[in-house]
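Let's take a walk through a protein model together, looking at where its parts meet.

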Protein chains: 2
Amino acid sequence: MTAKNIRARVRDELTSEIKAIARRQLATEGANLSLRAVARELGMVSSAVYRYFPSRDDLLTALIIDCYDELGTAAETAEAAVDRADLLGRWLAAGHGIRDWALANPAEYALIYGSPVPGYKAPETTIGPAARTTDLILTLLADGVATGALTTGGAEPAAVAGHGSPLPVDLAAELDRIAALACPTVPRELLARGITAWIQLFGVVTFELFGRFQNMIEDSRRSFFDHQLRVMARHIGL
Amino acid sequence: MTAKNIRARVRDELTSEIKAIARRQLATEGANLSLRAVARELGMVSSAVYRYFPSRDDLLTALIIDCYDELGTAAETAEAAVDRADLLGRWLAAGHGIRDWALANPAEYALIYGSPVPGYKAPETTIGPAARTTDLILTLLADGVATGALTTGGAEPAAVAGHGSPLPVDLAAELDRIAALACPTVPRELLARGITAWIQLFGVVTFELFGRFQNMIEDSRRSFFDHQLRVMARHIGL
DNA sequence: ACAAAACGAGAGCACTGCTCTTGACAGTTT
DNA sequence: AAACTGTCAAGAGCAGTGCTCTCGTTTTGT
């Protein structure tokens, strides 16, 4: 009885320890981390690790899920600290939360937002944790619509007027489909702008982490990111 | 004399063939392509390949340079086909040129714009070819300024008015520094908007290629990309 | 108390990047 | 024409990889 719990607990501990070591090696080795090296650092033999993760890809999947969850909670907690009515503040907090986590965990960010691993196919279990950041933004939009702060029809805020190019018909249809099952209250024009902002947010972080800003933006990266967030906030109408 | 040229030519041909095979394997194996597999497919022994590329990283560097150059020419030729006075058309052509090349060569795009290879440090020789796409955009901005079509001071185009958030001082200083040595005629506000558009352009392509649009934008990806290009064109003031 | 499940260790297979050595040519010089 | 020099492909070998299988041992459930 209790022995069973001991066994299970040891197993959980070892599983966590394997993941922790793998995370640490991820920083230096990148996506092609070595299962054997993990085992070596753990004082085990490589074949023993296979008792805990049936393959290297399964270890990678576990790490990916953990990273998505960490990033999600980082963004959520940062955003939750802001007054609900302050949509701009919530957007800025979520954005900086994402960037801060990415800067603190560059290898992990590269793992989940970098180039897909050739043979690796992300299983279904990753899409839930992966959607947390986007859900956060969608909720932001929905809240804005609910309170009337955000709108694209009728009387538009001055900052938004004229921003939008007309949506192509096929894109409009697809946006309606997305909105129907993800955020029914958000009109398609607003959703389109939200997606633009979403891409820009992660685009800036990705460029910064992948060295695209070298010899360009060096000393004002945080300011630059903040500026981009505000440009996008204006675009959305926050 | 001529025999020496023969020798050199054979060497060049084999070098090209190695790169060609490596490019083909890149599509299936990703960044961790196998030098031995390339040699095998070539009917050579792995050690022989080292006569042509002193290490695997050097092969990778050669591929990266080739890809940057291909992408650069793709963007340049697409943009060159448009009337010089049609700034919006030039922007759209360059953008679609980049996306089309990326869609046709997804593995190559991932190689140059994906997560950096862990141990790999891009040598100086890559920055020249890498800058071709950004130079194209900067030239676009400079042309717009030269003809008076683009401006951010004084009388702004209606579509641009109110778009900009004020630039933080440190960012403004850095933008001035960039402009001074890359595009002296472009005012910093316009440069900032150009960078925003630049990031958005590659952000959309990256998201599309890395599977970020799955279960979202499926059937209207080209329309979506075109829409994003136009939104950014408005943001710049094209 | 006994069978079943879980576990760590080790050997082994096919693969990788890379180094070193060997032997066969080609081009140049004497 | 002979000797020399540099280039080349081939092979063996080293250390590392993911993964599978087998073998005793330990722990668990009945």
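Start inside chain A, where three salt bridges are found across the interface of domain 1 and domain 2. Keep in mind as you look that this is a predicted model. One salt bridge you can look for joins A:Glu108 to A:Arg23, with their closest N and O atoms 2.7 Å apart. Five residue pairs are also counted in polar contact between domain 1 of chain A and domain 2 of chain A.

Which helix supplies the largest share of the side of domain 1 of chain A that touches domain 2 of chain A? That is helix α1 of chain A, residues 2-29, which contributes six residues. Sorted by class, this side of domain 1 of chain A holds nine nonpolar residues, one polar residue and two charged residues.

Now step back and see how chain A is divided. Domain 1 covers residues 1-54 and domain 2 covers residues 56-236 of chain A. The C-alpha centres of these two domains of chain A are 33 Å apart. Where domain 1 and domain 2 of chain A meet, twelve residues of domain 1 are in contact with 14 residues of domain 2.

How big is such a meeting place? The size of an interface is often given as the accessible area lost when the parts come together. Between domain 1 of chain A and domain 2 of chain A, the buried area is about 1300 Å², and carbon and sulfur atoms give 69% of it. Three residues stand out here: A:Lys19, A:Arg23 and A:Leu26 supply 45% of the area that domain 1 of chain A buries against domain 2 of chain A, more than any other three residues.

Next, turn to the place where the chains meet. Here 51 residues of chain B are in contact with 52 residues of chain A. Together, chain B and chain A bury about 4500 Å², with 61% of that on carbon and sulfur atoms. How many salt bridges cross the interface of chain B and chain A? The number found is zero, while 20 residue pairs between chain B and chain A are in polar contact.

Several elements of chain B give two or more residues to the side that touches chain A, among them α1 (2-29), α9 (169-182) and α11 (221-236). The largest share of that side, ten residues, comes from α10(B). By class, the side of chain B that touches chain A has 25 nonpolar, 17 polar and nine charged residues.

Conventions. Residues are numbered from 1 along each chain as its sequence is written. Chains are lettered from A and ligands numbered from 1 in the order in which they are written. This is a predicted model: local features need pLDDT of at least 70, side-chain atom pairs count only at pLDDT 80 or more; totals for chains, interfaces and linings use all residues. Side-chain values use heavy atoms; hydrogens and water are left out. Domain bounds come from an automatic or database domain assignment. Contact means heavy atoms within 4.5 Å. Buried area is the accessible area (1.4 Å probe) that two parts lose on being put together, summed over both. A salt bridge is a side-chain nitrogen of Lys or Arg within 4 Å of a carboxyl oxygen of Asp or Glu. A polar contact is a pair of N or O atoms within 3.5 Å; within protein, one must be able to donate a hydrogen and the other to accept it, and residues adjacent in sequence count only if both atoms are side-chain atoms. Helices (H or I, at least four residues) and strands (E, at least two) are DSSP runs, numbered from the N terminus. Ala, Val, Leu, Ile, Met, Phe, Trp, Tyr, Cys and Pro count as nonpolar, Asp, Glu, Lys and Arg as charged, and the others, Gly among them, as polar.
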